[in-house]
Amino acid sequence: MNSKFSITRRAVLTGTAALALVLPAGMALAGNVKVAAIYTLPVEQQWISRIHLALNAAKDRGEIDYVFSENVANTDYERVMREYAEQGVQLVVGEVFGLERAARKVAADYPETAFLMGSSFGAVAPNFSVFDNWIHEPSYLSGMVAGAATESNVIGMVGGYAIPEVNRLMNAFMEGARAVNPDVKFLVNFIDSWYDPPKAKESAFAMMDAGADIMFAERFGVADAAVERGVKAVGNVIDTSGDYPNTILTSALWHMEPTIDRAIAAVAGGTFEAADYGQYSFMGYGGGSLVVDKTLVPAEVLTKVEETEKSIMEGMFRVNVNDERPVSDK
């Protein structure tokens, strides 16, 4: 029997029915859409890996021609964006959190190129669309699991940077834990890096020394520390339970396919324009889900989580969006 199950029931996707957009060119494309992605970190990094996975799936279906650049420094990002636009790429995907103004200037200079970028800010007409991993809903559910599992009533949380995209997930997790365990306390730290496993591991050890028996692993390195100390962990964005058996209780997963597939269809149909694609990361669109190791989580806890997930999907329960920096309360 499979020891894991997915809580979320994926919504049926409906192509571009929700988009009423008009590309300046106003014409459907012939042949595959030419897509380029620009990543500031390796494609193995969890957040970026979800975008890369979705684009590779579209490539495997024969819908796009896909190329990418990884480990692109912020100082080189604008140049790489321009190079892809000059090469005739029709859709450029990436993340511009550290260079918003420069990226938007490039998009303005190439109005017939579609841009779909991870961003903290809004879309800009005619061609700069934005997205983000709005997985606060499954993060709340994962918090419920953690809140029920802790015996010390202390949960440690190690994050990358205290930006809204991270804060909202951590705050939702904390709220979910408190919903089932009002006595739980949190230790919170940000390592100010998107990829520094040794630093994240060191931070996790310090929290365990202070009493944390559950770790929220927003960054790589935290689960490694959990394995070494024999405590449980909660994953974020990707499912790493196979790499850390008997350690990962649950993970809030991000599925970039609903976002990517809509953008590709809009470009192919000549209907792409500036829009906020953030909603397609919601559970109702199949953009987020929860996976639980049911060998580690009691049945009564799973029942509560399933009931809450059902309420979310039916629109009867809304997880708060709190972008404020979370802080330790112990």
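This is a predicted model: local features need pLDDT of at least 70, side-chain atom pairs count only at pLDDT 80 or more; totals for chains, interfaces and linings use all residues.
A polar contact is a pair of N or O atoms within 3.5 Å; within protein, one must be able to donate a hydrogen and the other to accept it, and residues adjacent in sequence count only if both atoms are side-chain atoms.

Numbering starts from 1 along each chain as its sequence is written, and side-chain values use heavy atoms, without hydrogens and water.

First, Thr250. The side chain of Thr250 reaches the backbone oxygen of Val291 at 2.9 Å. Thr250 sits in strand E11, residues 248-254 (strands are DSSP runs of E, at least two residues; helices are H or I, at least four; both are numbered from the N terminus). Buried or exposed? Thr250 is buried, at 1% relative accessible area (buried is under 20%, exposed over 50%, partly exposed in between, with a 1.4 Å probe and protein chains only). Beyond four places in sequence, its contacts include Ser142, Val145, Ala233 and Leu290 (contact means heavy atoms within 4.5 Å).

Now the helices. H1, residues 46-60, packs on H8, residues 257-268. The angle is about 45 degrees, and the axes are 9 Å apart. The pair is therefore oblique (under 35 degrees is roughly parallel, over 145 roughly antiparallel, 65 to 115 roughly perpendicular, the rest oblique). Who makes the contact? H1 gives Ile51, Leu53, Ala54, Leu55 and Ala58. H8 gives Glu257, Ile260 and Ile264.

Methods: Axes are lines fitted to C-alpha atoms, for helices over the stretch in contact, and angles run from 0 to 180 degrees between N-to-C directions.
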